[in-house]
Structure formats: C-alpha cells, structure tokens
Amino acid sequence: RRILGWLALTGLAGIFAIVFFAKGAPDAALAAETFSFWSFYTADKLAIFYKAIALLTTMAVIFMSIGYTPVLEEYIDDSNKQGGLGEFFCLPVFVCAGLMWMASATDLTSIFVSLEAVAISFYVLVAFLRRNIGSLEAGVKYLILGALSTGFLVYGITWIFGLTGETNLDLIAKVLKTVPEDGRGVYLFAFALVLVGLGFKVGAVPFQIWIPDVYQGAPTPITAFLSVGSKAAGFIVLTRLVEPFITAPALAAPVTAILLIIAAATALYGNLAAIPQDNFKRLLAYSSIAHAGFLLLALACRQPDKFDKEPATVVAFYLGTYLLMTVLCFLVLSVVRRHDRSEELEAFDGLSKRSPLLAFSLLIGVMALAGIPLTAGFWGKFFVFSLAFDQGHYIALSCAVFAAAAGFYYYFKVIRSMYWNPAATNAVAITVSPSVRLVLLVLVAAILILGFVPGILLNPLP
C-alpha cells in the first residue's frame, strides 16, 4: 500500500509545479458584486502562497507517513497489517484540497465548507491508531471541542449575515465601514463568535486546551500536519475575516485591543507552559501555541505607517518559515520514535553520538524556532516585533519579547539532551535512510539560506 503514498507525492509535486501559474479574476471587486465564481473564490498572491504551503506540508506529511508505517501496522489491526494504510495516505490529500480551497475562499459559505472538509478528515486521522488508547482519547477530545468551535463559528457567520445581508467579505467590508460607534456592539459580538471558532483552529488562548493532548496522542505525521497545515489555513481565514472589521472606523480600536490581549496571553502561556515539559511532542505543542501568539500580534498591526511590510505579508512569511522548522523537528522525531519507541526527551539523550545528522538537523530546527539570528525563524519574529513597535503596541510587544526569551530555555533543553546528556547504556546507533537524509539536508539548507536571504520567500508575497 505504500505505493499510494508515492503516487500521492508525485501528484502533489506536479500540482505544486503549476500552482504559481494560476490566474485570478480580472476585477475582484466587480466579481463580488456580480455573484460570479470569483465572488467566493480568489487566486491572488496570498492565496497562491498559502496553497504552496498546503501542498508542501501535505507532501512532507505523506513522506513521513511512508516511514511511519511500522507504527501504523502495530496499532491498526492484528489480522491485517496492511489494513487502513491506503486510507492513511489518501486522507491527507483530501485535507490538502480543503486547505487549498480555504486559501482562496472569500465568502463565508465557502470558508465554512472548506473548513469542515479539513476538520472531518482530521477527526479520522487523529484517531487513526485504533488500538492505541492515547490516539483514541485525542480523537474524542478533538471531535468534541472541534464540534463546539464549529457551533460558535456558524453562529458568528449567521450574525454577520443577519447584520450585513452579505456573505462576500468585500461586500461585508463596505457595510462595516458605515457602522456608527453607538451601534457597534452587535457587530463586535459577531466578531467575537467568529474569533472563538477560529481561535480553536489556530490554538489561541483560551481556546488551546485541546492542543497538548491531541498533539501527543495523534500519529506523529498527523501532529505535524495539525501544527503547520491546520494553523496556516486558520490564519489565512482569520486574516481575511479580520480585515473587514479592523479596517472599519468604528470597530478598529476594540478589534485591535481584543487581538492584542489574546496575542499576548497566547505567547506567554505557550512559552511558559512548555518549560516543564518532558515529552517532545507536548513541548512542540506548547511551542505551536506560542507561535500562534506571535502571529496574532502581527494581525493586530493593521495599516502600518512607517514599516513597509503589511501584516498579512508578515503572517504569510512567518508561516512559510514555520513550515520548514516544524517539519524538520517532526521528521527527526518520527525517526527517533520509530527507532526507540519513545517520544520523551530522554530518547534524545546522546543523539549526537548515535546519529550526528539527526542531532545537527534538530539543532538547526530548534534554533530557528527560538528565533536565533541567521536562521529563518529570526526574520519571522523580527518582522512581527517591528510591526508591533511601529504601531506603538508596547505592552503586547513586551509580553511577546519576554515570552520569546522564555522560549530559549525549553529549546535549550533539547540541545542539552542531544549534546550534553549521555546516551542510555542499551542505546544503539540510528540508521537514517538516504531519502530521509536528503530531505533533512534540504530543510536545513533552506532554513539557513533564508536566514541570510529572507527576500527569497518575501518576493512571491504581495
């Protein structure tokens, strides 16, 4: 059944090669008013970039899944070791289709349908290890809380439609610009409902409670998918939905304040809660929450006057670098997990002696996640902090800087484990296949090159 994984990789690579040639509507504003196909779909630069992220993430997940099949066979079915493998390779392709549609959705209806297409597939993938209690528990938690967040999102969409009479985001923006200050309360209530639904998707405080348990219980490739693909899709939708509210004169100040509070709380919680973690997947889960806080901080910095980077561009760049860093860390984790059957930090003790390539790759990955200069992760945080400073959001910026500094501690725990702690007495060398070695080297090179030349990733963005 692994041939299905390779077929999926080939097909997705072909789509990735041609996605940059897609053309959007000649006049998006006119299309929105004429209720044509382009009234609920766009192919602007931002959408194309997020489609590329969805494709690359899915390809990385399927590649990890091919090497993860021994674990899948152990926990799927005793009677049929191949049972379910085909579905495990096919479902990520359905998720990718939903993510790509979500990147182009400009209508509340198409946003919701694509969001649910992704969510339903993830419900199955998270609980895929049927004979693993942790996976089943993660699937139940994700399903229940996901359904609850969907309820809030639908209720918010209903309120927006009831107040504006529109579902197209461009037309909604026109209506919101005319809202008087004394009547903005109901519009803020609608925004709050939508923010609850999407806050669950991106892992923002206080809607993050599902992330550590689900990330730990889900199969490792699916955890990587949730961490990168789901977060990127949530932020492209959040970027498009926030814009009509944050550009409306009567709503801009309270919406910005809400986003700043959530951003500061998310960055602080994610980084501080990660410090005592001894399980590497849970550590990456809290790290994912922290990065959501930095991204939300960028979203709150709409219409900069001095800094030349739009918030949507900064968010897209940050997610592009986050893709490289997170996939690299999860790829190393999947190799160690398959070899040592453990995801605890102690499994990485002495990794520099057992596999210097894996140790060096993870070193670059966690350094980039921490935002060390001359790595791609540094520029993402630099652009976010520059936006916040330029807009005068000093309190939220101080919280973010403190949170980033706290992050250095738990990332250093991983480095200490690999290079300082001795390996277990029964530990043996880890053999890395040529294909995994090639992907590791490509990811490390990309992170370092973007650390020196970030314009390579910025140029395709608007």
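1. A word on the ground rules. In this predicted model, local features need pLDDT of at least 70 and side-chain atom pairs count only at pLDDT 80 or more, while totals for chains, interfaces and linings use all residues. Residues are numbered from 1 along each chain as its sequence is written, and side-chain values use heavy atoms, with hydrogens and water left out.

2. Let us begin with α11 and α13. Helix α11 covers residues 220–246 and helix α13 residues 280–299; their axes come within 11 Å and cross at roughly 15 degrees. That makes α11 roughly parallel to α13, and the crossing is right-handed. Helices here are DSSP runs (H or I, at least four residues), numbered from the N terminus. Axes are lines fitted to C-alpha atoms over the stretch in contact, and angles run from 0 to 180 degrees between N-to-C directions. Angles under 35 degrees count as roughly parallel. A crossing is right-handed if the near helix is turned clockwise from the far one by less than a right angle.

3. Which residues in α11 meet α13? On the α11 side they are Thr220, Thr223, Ser227, Lys231, Phe235, Leu238, Thr239 and Ile246, and they meet Lys281, Ser288, Ala292, Leu295, Leu296 and Leu299 in α13 (contact means heavy atoms within 4.5 Å). The residues of this contact divide into seven nonpolar, five polar and two charged. For these classes, Ala, Val, Leu, Ile, Met, Phe, Trp, Tyr, Cys and Pro count as nonpolar, Asp, Glu, Lys and Arg as charged, and the others, Gly among them, as polar.

4. Next, look at α9 and α12 (residues 252–274), whose axes lie 11 Å apart at an angle of about 30 degrees. That makes α9 roughly parallel to α12, again with a right-handed crossing. Leu188, Phe191 and Leu195 in α9 meet Pro254, Val255, Ile258, Leu259 and Ile262 in α12. By class, this contact has eight nonpolar, no polar and no charged residues.

5. Now for the largest pocket, which holds about 750 Å³ of space. Of its 27 lining residues, Leu56, Leu323, Leu324, Val442 and Leu443 are the closest to its centre. Two or more lining residues come from each of α1 (2–19), α3 (45–67), α14 (311–340), α19 (434–452) and α20 (455–458), and α19 gives the most, with eight residues. The lining has 25 nonpolar, two polar and no charged residues. On a 1 Å grid over the protein atoms alone, a pocket is an open set of points with protein on both sides within 12 Å along at least five of seven lines, a cavity is a set where a 1.4 Å probe fits but cannot get out, and lining residues have an atom within 4 Å of a point. Grid points are joined across faces, edges and corners, and a volume is the space filled by probe spheres set on the points.

6. There are also five cavities of 30 Å³ or more, and the largest cavity has a volume of about 70 Å³. Its lining includes Met102, Tyr142 and Lys201. α6 (108–126) supplies the largest share, four residues, and α11 supplies at least two.

7. Finally, two loops deserve a look. A cis peptide bond joins Val205 and Pro206, with omega about 5 degrees; Pro206 lies between α9 (185–202) and α10 (211–217). Leu374 has a positive phi of about 70 degrees although it is not a glycine, and it lies in the loop between α16 (356–370) and α17 (376–391).

How values were computed. Parallel < 35°, antiparallel > 145°, perpendicular 65-115°, else oblique.
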